[in-house]
Amino acid sequence: ASMFLKQAFEGEYPKLLRLYNDLWKRLQQYSQNIQRNFNTSGTTDLFAELQQMEEDTQDIFMQKNQDYDPEKALKDSLQQYEAAYLSKSLSRLFDPINLVFPPGGRNPPSSDELDSIIKTIASELNVAAVDPDLCLAVAKNVAKTIQLYGVKSEQLLSTQGDASQVIGPLTEGQRRNVAVVNSLYKLHQSVLKVITNQSSFPAAAEQTVTTALKAVHDLMGSAVQPLLNSVGDSVEAIIITMHQEDFSGSLSSSGKPDVPCSLYMKELQGFIARVMSDYFRHFECFDFVFDNTEAMAQRAIELFIRNASLIRPLGEGGKMRLAADFAQMELAVAPLCRRVSDLGKSYRQLRSFRPLLFQTSEHIASSPALGEVIPFSIILQFLFTRAPPELKSPFQRAEWSIARYSQWLDDHPCEKDRLALIRGALEAYVQSVRTREGKEFAPVYPIMVQLLQKAMSTLQ
């Protein structure tokens, strides 16, 4: 009934809990001492006393009654104070956030405002460290706090068209999105630091906070996704313009290409360099940005090899120029990654495909890179360029544009589907030769059939 005691117990609950925990430890020691004295002295008085204790099913120390947990019973007497403390703790955590995200506000919190939120989180966790259960309860409050910060930040994000434009300088919406992502990143890193600095932090409590932080990381991802999609679409649009250039020419007298790289490659290099300096340079979370842009670099290489393998007709001069483009492609995607060699399989494909441009079809069919580094379907696609016009590429047979064929390949990542389409094109060629009663097939045809059979057998 005393207001003074109620306030003291609620406000200083962690101290009260610590005193309870100490009391419990001392009670346990007392119990063990009695047991030890009995074992050493063996006197009848003590024996009678212990027997009396054993007969009492509600005995605290011997815990004969299985359904009764005395430590829990002791702590449960504090239940109402704990509930009040946790409620006030949640208010202390939420208040600074509600303060820095006023209704109708347009900008994320400043550095100082974010620091005060982090300090509050650290302080609440430190105070709760006296007891693992309290620590877990406060960690759940901290997780709710992180969620609240995420929800408030998400409301600031611009999702209009100007958020994903990649034509001009940063728009107002893009600037705000960058600021929101940077603020989420700082919260993520700071809270991570707080929980790693907590000594003897219970695993369940750590898991609770880490799960909330993962949601923050996901939100950062969805905030930059529209921009990444735009850049990816533009990269694809630039690469596909390689088919507007002429690669059919023969070798010039010098034996070298006339220009260091093709027009589309120059455009691609300029675009990627500009995008990185105009948009992505403003993000403070470099690792996060590179994790996203490296995926874009891998995709760009995949599209480049795909389109390069579709160029028809391809003359000797064209091969030289395309080989130069392969070397320039490494420079083009370099701004998107920490190191181009980090791109793994995509990088190895880029390196392995270039020498194939100048090899005979027989050599290509026996290349160790086949299947291991470069998919069979890509090589077969490339061998069509060495065939006479009546051996039509799969997309020509289907009367698709290259853009539509590229989309089909994206929708059918499975090698089995791609090989089936190629087989259809080869079978249609055989049919056309028979129809006009031709005497022989193109020299590249048997090599392609053998390669197709080899590819199909690896899928079994």
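Contact, as I use it here, means heavy atoms within 4.5 Å. Helices are DSSP runs (H or I, at least four residues), numbered from the N terminus.

**Ground rules.** I am reading a predicted model, where local features need pLDDT of at least 70, side-chain atom pairs count only at pLDDT 80 or more, and totals for chains, interfaces and linings use all residues. Residues are numbered from 1 along each chain as its sequence is written, and side-chain values use heavy atoms, with hydrogens and water left out.

**Helix H18.** I started with H18, residues 415-435. I counted 21 residues and a reach of 30 Å from first C-alpha to last. That is close to the 30 Å expected at 1.5 Å a residue; the expected span is 1.5 Å times one less than the number of residues.

I then listed its buried residues (buried is under 20% relative accessible area, exposed over 50%, partly exposed in between; 1.4 Å probe, protein chains only). Among them are Glu415, Arg418, Leu421, Gly424, Tyr429 and Val433. What covers the buried residues of H18? The cover includes H11 (286-308), H15 (376-383), H16 (394-397), H17 (402-411) and H19 (444-459).

**Cores.** Next I looked up the nonpolar cores. Each is a set of buried Ala, Val, Leu, Ile, Met, Phe, Trp, Tyr and Cys residues joined through side-chain atoms within 4.5 Å. The largest has 128 residues. Phe280, Phe304, Met329 and Phe353 have the most contacts inside it. Helix H9 (residues 203-240) gives the most to this core, 15 residues. A second, separate core has eight residues, including Ile402, Tyr405, Trp408 and Leu421. I noted that Leu421 is also on the buried list of H18.

I followed up Met329. Which residues does it touch, neighbours within four places in sequence aside? I found Ile239, Met265, Leu268, Ala300, Ile301, Phe304 and Leu350.

Most residues other than glycine have a negative phi, and most peptide bonds are trans. I went looking for exceptions.

- Arg312 and Pro313 are joined by a cis peptide bond, with omega about -10°. Pro313 sits in the loop between H11 and H12 (316-333).
- Glu399 is not a glycine, yet its phi is positive, about 55°. I placed Glu399 in the loop between H16 and H17. It is exposed, at 74% relative accessible area.
- Glu437 also has a positive phi of about 55° without being a glycine. Glu437 follows H18, in the loop between H18 and H19. Is Glu437 buried or exposed? I noted it as exposed, at 63%.

Definitions and conventions
Helices (H or I, at least four residues) and strands (E, at least two) are DSSP runs, numbered from the N terminus.
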